[in-house]
Amino acid sequence: MQEIYFIVNCGLGSKLLKKAKKLGMRGGTILRAHGTIENSLLHLFALDDQRKEIVMMAGPSTLCREVMQKLAQIFHFEKPNHGIAFSLPLFKVCGVSCYPDQEYPKESEQSAMYQSILTIVNRGKAEDVITAANHAGAKGGTIVHGRGAGIHETSKLFAMDIEPEKEVVLILAKVNQAKDIIQAIRTELEIDKPGNGIILVQEVLETYGIYE
């Protein structure tokens with residue numbers, strides 16, 4: 001089993017998901033986000049902050065690989081700024097009727113070229129994550145907004161627990177750069193202090209649409 005992620009321009013998520021279903025996927029989830037591109041000319045014209053949609057799906061490994069390849073062709077991921085696709089190994093699925101609760105064997109051992117760095121921080125800190133990562137060699141990232149309810153993150157207002165909004169930053173990095181990027185984020189955001197955030201790292205199986 002695999003998870004597959006597609007990051008596309010706003011408005012394309014539903015079209016991509018519809019195509020994926022025709023190719024055999026059972027469904028997916030679309031998240032609104034925005035991406036950052038490290039480009040001085042775009043920054044000058046305030047065009048380096050783009051609205052994005054993330055489409056997440058899961059399924060059998062063979063099907064996921066076929067769907068990724070076909071969708072990358074259909075949506076022209078070979079062209080810059082048309083989209084990014086990547087897959088992650090999936091160990092367990094629960095609560096999905098089409099895939100009974102079970103664990104799955106690891107994918108065959110292969111040398112990963114990229115890692116997925118997922119950083120969850122308090123609202124307003126995502127840009128700091130991007131800045132720290134870029135200084136360490138990252139090319140940009142995708143920011144998603146969410147909420148958290150960890151033991152260190154709730155505060156009181158009129159005797160009610162308030163769940164602060166969170167920001168999730170997704171960065172893809174080459175394996176030989178990932179360690180420096182992770183350390184830069186960890187240091188700059190003081191991640192090791194309770195309530196400041198968390199970093200999740202996974203090896204990426206396949207990628208489409210990534211340009212150096």
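Author: Cys64 is buried, with a relative accessible area of 0%, while Cys10 is partly exposed at 28%. Here buried means under 20% relative accessible area, exposed means over 50%, and partly exposed is in between, using a 1.4 Å probe and protein chains only. Take a disulfide to be a pair of cysteine sulfur atoms within 2.5 Å, and the count comes to 0.

Keep in mind that this is a predicted model, where local features need pLDDT of at least 70, side-chain atom pairs count only at pLDDT 80 or more, and totals for chains, interfaces and linings use all residues. Residues are numbered from 1 along each chain as its sequence is written, and side-chain values use heavy atoms, leaving out hydrogens and water.

Now for the backbone. Most residues other than glycine have a negative phi. His76 isn't a glycine, yet its phi is positive, about 55°. You'll find His76 in the loop between α3 (61-74) and β4 (84-89), and His76 is partly exposed, with a relative accessible area of 35%. Glu190 also has a positive phi, near 50°. That residue lies in the loop between α5 (175-188) and β12 (198-203), and Glu190 is partly exposed at 40%. The helices (H or I, at least four residues) and strands (E, at least two) are DSSP runs, numbered from the N terminus.

As for confidence, pLDDT is the predictor's own score for each residue, from 0 to 100. The protein averages 80, and 74% of the residues score at least 70. Over residues 40-49 the pLDDT is below 50, and beyond near neighbours in sequence this stretch has 10 contacts in the model, a contact being heavy atoms within 4.5 Å.
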